[in-house]
Structure formats: C-alpha cells, structure tokens
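My notes follow the structure.

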Protein chains: 2
Amino acid sequence: MKYFAGVDLGGSSAKIGLVDPSGNILKQDRVSINARSQFVNIMTLISHLLEELHNDTPGELAAIGIGAPGFIESQTGILLAGARNIPNLRGNSLTDFFKDKFNVPVFADNDATCAAAGELEFGIGKKYKNFVLLTLGTGIGGGLVLNGKVFRGSRGFAGEIGHVCLDPGGVWCNCGSRGCFEQYASAPAILRNYKEKCKKRGSRFPENISTKDIFQLAGKGEKCAEAAVEEAASAIARVLGICINLLNLEACIIGGGVSRAGDILLKPVTDKIDDFAWSHLRKDVEIHIAQLQNNAGLLGAAAQVLERLSI
Amino acid sequence: MKYFAGVDLGGSSAKIGLVDPSGNILKQDRVSINARSQFVNIMTLISHLLEELHNDTPGELAAIGIGAPGFIESQTGILLAGARNIPNLRGNSLTDFFKDKFNVPVFADNDATCAAAGELEFGIGKKYKNFVLLTLGTGIGGGLVLNGKVFRGSRGFAGEIGHVCLDPGGVWCNCGSRGCFEQYASAPAILRNYKEKCKKRGSRFPENISTKDIFQLAGKGEKCAEAAVEEAASAIARVLGICINLLNLEACIIGGGVSRAGDILLKPVTDKIDDFAWSHLRKDVEIHIAQLQNNAGLLGAAAQVLERLSI
C-alpha cells in the first residue's frame with residue numbers, strides 16, 4: 001500500500017504522520033522544536049522521526065507534504081518570510097532536504113493552503129469545486145480551491161486573507177498596514193475586543209479568560225461576549241462576501257481554532273453575509289465549519305501531495 | 001483565413017466586428033438597439049448585420065463571442081440578471097440563437113470578463129499569467145485571469161469587484177448593499193464626490209462638467225478635483241490590494257472609460273497600493289492602464305473565443 005507523509009510545522013513543534021489516500025492517519029508522532037535550532041538540525045530531527053514511522057509501517061512512502069506558517073514559494077519550497085517562531089527556517093527550502101534524504105516527491109505549502117487541500121481531499125470540500133477556507137487562530141490565513149484545484153497564485157502566496165484591509169484607519173497590524181481582517185476576527189482580536197467592551201461597561205472578567213470562554217459566555221447571553229462575537233462575525237462575513245463577489249464560489253469553510261465555537265459563530269456569519277455579497281452570487285453558497293479539526297494541519301500537509309500529484 | 005466575430009452588446013447599441021487571431025479588426029459596424037425591443041428582434045438585427053459583414057469578408061467564420069453587461073451563465077449563455085438598459089435580454093440565452101443560425105461555437109461572457117480576455121489575448125495581459133482587470137465606467141466590473149486562463153467561477157459570475165464592500169456604513173448602492181467600491185470610483189461617483197467637495201468649499205463648477213474634465217482639472221492642481229481623484233485612487237488601491245493579497249497576482253490592469261485619465265489616475269493608485277497589500281505580495285505586481293481602449297468591448301468579446309477554444 002502507498003501512503004503519504006504529512007509534516008505540520010508549528011510554532012514550537014512538528015507533527016508528523018503517515019496518511020493513506022483516503023485520509024486515514026496510519027501513524028503519527030510529534031517532536032518539539034527549539035526556536036533557536038539551526039535549520040539543518042530541525043530538518044534532521046523531523047526526518048529521523050519520519051524514518052522511524054516509515055520503518056514501522058508496511059507499505060511504500062510515495063511522497064511527502066510539508067505545511068508551515070509563512071510565505072512558501074511553490075516551485076522551490078523556500079520559506080521566504082513568516083514563521084516568526086522559528087526564524088531559522090527562513091530563506092531555506094523546506095523540500096530539498098527531504099528530497100535528498102527520501103528520494104520521493106516533496107512539496108511544501110503555507111499551512112492555510114494545506115488546510116484548503118485537506119478539506120478538498122478529505123473533508124467537506126470534497127463536494128465543491130470552488131471554495132475559500134479561512135483559518136481563524138492566533139493569526140488568520142486563507143486557502144483557495146478554484147476549478148477543483150488548490151489555487152496558489154504566481155509564486156505560491158495566494159490566500160493572504162488575514163491582511164485584507166477592512167478599515168484604512170483601523171487598528172495597526174504587525175504587517176505594517178492598518179485595519180487588517182486579522183485585527184478583528186483572530187482569537188487574540190476577539191479577546192482584546194471582549195476585554196475592551198467589559199472595561200467600557202465596568203464589568204469584570206477573569207484575567208486568564210480565553211476566546212473559547214467568550215464563545216461560551218456569548219451562548220449564555222452575556223452582553224459583552226455577544227457583542228464581541230457579533231463583531232468578529234461581521235468581519236468574517238465581510239471578507240467572505242468579498243471572496244464570493246470576486247470568485248463566484250460554491251462554499252466558504254471556516255477552520256482554525258476559533259471555528260471550534262461551531263454554530264455560535266457560524267450562525268451570525270451566515271446571516272450577515274447577505275449584507276456583503278450580491279444576492280445572485282450569494283444564493284448558491286453554503287457556509288460550513290471545517291470538517292477536519294484536530295488533525296487539520298497534518299492531514300492538510302499530506303493532502304497537498306494528493307492534490308498536486310492529482311492522485 | 002479563419003476569423004472570429006465579436007459582439008459587444010452595450011446599453012443602446014451593439015458593436016459587431018470580425019477579428020483575426022492576432023486581434024486585427026477586419027471589419028466592424030454598429031447597430032442601435034431599441035430598449036423595448038423583443039429579444040428575438042434584437043438577436044435578428046445583430047445576426048443580419050453579422051451575416052452581411054461575413055459575406056463581405058473572405059475567409060471562414062470560426063466562432064462567435066458575445067459580451068454583455070450583467071450575469072451571464074457560462075454553460076448556457078443565459079443572461080440571468082443585469083443589462084438594465086435592455087431588460088428583454090434577461091432570462092434568454094445569448095448564445096443559442098447564434099448557434100442555430102451560424103452553426104459555429106458561440107460563447108457569451110460578462111463584458112468585464114471579456115475585457116480581461118481581450119487584454120490576455122491581444123493586450124498588455126499577454127505578459128502575465130495572473131492578473132485582475134478593472135473596468136471603471138458608469139459602473140465597475142472586473143475580470144480575472146488565473147494560471148493563464150480567464151477565471152469564471154462556479155457559474156460564470158466571477159469578478160463582481162464593483163460590489164466589494166469598502167464601508168459597511170457607506171453610500172447606498174443600487175445592489176441593495178452599502179459602501180460598494182462602485183460608489184467610490186465609478187465615473188458618476190467621482191463626479192458626485194467632486195461636486196460635493198466644490199459645494200463644501202463654496203467653489204463653482206459648470207453644471208455639465210464631466211469626469212474627464214475633473215481629471216484635467218486635477219492635472220492643473222485644482223484642489224477639489226485633486227481631492228476627488230485622490231479618493232477614487234485610494235478606493236481603487238484598496239480593492240487592488242485585496243486582490244493582490246488574495247490571489248498573488250503579477251499585474252493589475254485598469255480599464256474602462258475612467259482609465260483614459262492615464263497617469264493622473266495611475267500614479268496615485270500605484271503609490272497607494274503599498275498601504276493595502278503585503279510587501280511580499282506587492283513587490284512583484286505591475287500596475288497598468290489597459291492597452292485596448294476604444295475597441296476593448298469588441299476585441300474582448302472576440303478574445304473570449306480564442307481563450308475558451310485555446311487557439
């Protein structure tokens with residue numbers, strides 16, 4: 001049996017798994033990454049673990065897919081920028097090391113692009129030929145599937161939805177611009193917005209409150225939490241409306257940690273999209289929470305391989 | 001020699017031309033359309049004129065391409081909505097009539113999508129595989145070329161850039177939403193904005209002033225005109241920034257009547273895009289005025305045929 005390796009490079013660790021063509025994880029493990037490690041050391045660590053998993057698993061390792069935060073050039077696998085937590089990845093090809101070592105096709109994509117591939121191959125995206133996927137987490141990423149294929153753009157950087165400008169005079173973003181979508185609907189943005197609302201109303205909140213808690217409070221009708229969720233939903237609906245008008249999509253899929261909120265987020269987003277998309281374009285669009293949740297990163301990294309090789 | 005027919009259905013007339021594979025117009029003519037004419041009468045009028053042109057021109061009519069305002073379904077050629085000036089086009093297939101009559105492949109696309117095909121086949125877009133084209137006129141349309149092909153979306157409605165929301169509390173748009181891009185950078189919007197500024201400053205302006213005049217005044221340093229052009233340029237830059245972040249483009253092309261302003265529009269747009277797109281995505285993007293100007297509609301209508309048939 002052929003299987004594929006997925007490598008999900010996160011901020012402080014890498015998840016590695018072997019995935020069959022139907023999206024079943026045959027085996028997986030995780031390794032911590034020291035933020036200051038040299039590039040070669042990080043890659044060696046990951047490849048050793050991958051080799052172990054492979055040796056323990058009967059079948060053929062057909063290809064390797066890597067997902068990482070940041071700007072990854074499609075053709076070369078070079079991580080040009082981003083990946084703030086592991087600066088030594090920058091300027092290096094994530095694919096060359098593994099190609100030399102395993103002698104199989106190796107691909108690398110931005111993690112949100114991988115997530116879109118994951119939904120296309122193994123998730124709710126199977127049903128659609130044109131969709132956008134948002135990953136709402138510490139930051140906001142995006143991936144596009146157009147005409148049944150992952151769309152990467154001219155160099156592989158497509159889907160930088162987190163930095164779509166919603167308000168030219170708005171909150172400063174770490175990208176250097178103002179009013180980026182990320183500043184209104186990422187987990188830290190929802191948290192910040194909630195706390196500001198509480199302070200304004202003079203209501204108290206636990207110092208260590210999480211975004212998850214805020215969604216729970218909103219579900220119980222707590223006013224500041226409701227307002228914070230409502231505002232995030234408006235921002236999400238605006239961005240999805242832009243994508244629908246621009247791309248004539250069949251579906252919008254909301255993923256990332258924030259999407260675990262489920263219906264309490266999905267409902268206001270779905271309601272509000274009508275305000276931001278032409279009715280002719282809106283009416284055919286279905287809005288979903290991503291189907292792949294806990295293993296989205298790993299499955300997405302592997303899925304890009306199936307998508308790129310058209311398996 | 002093979003040639004292609006282009007039919008550019010406008011608000012009050014249709015331009016019809018025969019175009020060779022290099023984009024030379026061999027012959028062209030125009031026919032007035034009565035807004036209240038029945039669908040069959042409009043089509044008969046156009047097809048008679050097309051037949052005459054064809055009979056006068058040695059060679060083979062290989063295919064027909066039609067461009068029209070509104071929502072045109074790719075597969076059926078049905079104009080579902082839009083084309084406000086010729087309501088009887090709605091609900092009818094623009095392609096079936098010509099297929100039956102001429103027995104050649106016939107395609108229809110929204111006029112802005114045609115304009116993108118025109119630049120791709122015959123214009124500045126030849127140089128690029130990924131670009132967006134804006135048509136700034138009475139309304140605002142858009143067309144996308146992705147991976148070297150015109151992108152039409154799930155039903156053919158992609159590129160509705162004029163209705164991207166720039167301000168949820170902004171000017172009401174005739175689409176039923178608020179703050180659409182069209183309300184800030186179309187010819188009537190620039191005119192409205194200029195007049196408002198003049199009234200605020202108490203400065204006089206000729207009642208019949210045109211958008212073209214405003215660009216000329218801005219070139220001479222007239223303050224209200226400069227401000228109106230500056231605001232339109234900001235809106236254009238924002239929308240192009242969104243497209244760049246989302247689609248990792250190589251170029252943005254500005255077409256339509258407003259684009260005749262040339263550098264007086266192009267320069268502020270080019271300068272301002274930096275505020276709205278990630279630098280990694282921005283730096284590879286070239287901004288141009290459309291190359292096809294006077295015959296953009298006709299050439300675009302014909303170009304879609306070459307693009308669709310991959311000739």
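Entry 1, chain A. I am working from a predicted model. I looked up the secondary structure of chain A and found 10 helices and 12 strands. I then checked the radius of gyration, which is 20 Å for chain A; the globule rule gives 19 Å for 311 residues, so chain A is as compact as a globular protein of that length. The C-alpha trace of chain A spans about 60 × 45 × 35 Å along its principal axes. I noted that buried residues are 54% of the 311 in chain A. Of the contacts in chain A with a separation of 6 or more, 62% join residues 24 or more positions apart.

Entry 2, the contact between the chains. I found 36 residues from chain A and 36 residues from chain B in it. On the chain B side, β6 (79-81), α7 (223-247) and α9 (279-282) each supply at least two residues. The largest share of that side comes from α7(B), with six residues. By class, I recorded 19 nonpolar, 10 polar and seven charged residues on the side of chain B that touches chain A.

How do the axes of α3 (residues 111-122) and α10 (residues 296-308) of chain B cross? I found that they come within 7 Å and cross at roughly 75°. Angles of 65 to 115 degrees count as roughly perpendicular, so α3(B) is roughly perpendicular to α10(B). Among the contact residues are B:C114, B:L120 and B:F122 of α3(B), and B:L299, B:A303 and B:L306 of α10(B). I recorded 10 nonpolar, four polar and three charged residues in the contact of α3(B) with α10(B).

Technical notes:
Residues are numbered from 1 along each chain as its sequence is written. Chains are lettered from A and ligands numbered from 1 in the order in which they are written. This is a predicted model: local features need pLDDT of at least 70, side-chain atom pairs count only at pLDDT 80 or more; totals for chains, interfaces and linings use all residues. Helices (H or I, at least four residues) and strands (E, at least two) are DSSP runs, numbered from the N terminus. The radius of gyration is taken over C-alpha atoms; the globule rule is 2.2 Å times the number of residues to the power 0.38. A residue is buried if 20 or more other C-beta atoms lie within 10 Å of its own, exposed if 12 or fewer, and partly exposed in between; C-beta atoms are placed from the backbone. Two residues are in contact if their C-beta atoms, placed from the backbone, lie within 7 Å. Ala, Val, Leu, Ile, Met, Phe, Trp, Tyr, Cys and Pro count as nonpolar, Asp, Glu, Lys and Arg as charged, and the others, Gly among them, as polar. Axes are lines fitted to C-alpha atoms, for helices over the stretch in contact, and angles run from 0 to 180 degrees between N-to-C directions. Angles under 35 degrees count as roughly parallel, over 145 as roughly antiparallel, 65 to 115 as roughly perpendicular and the rest as oblique.
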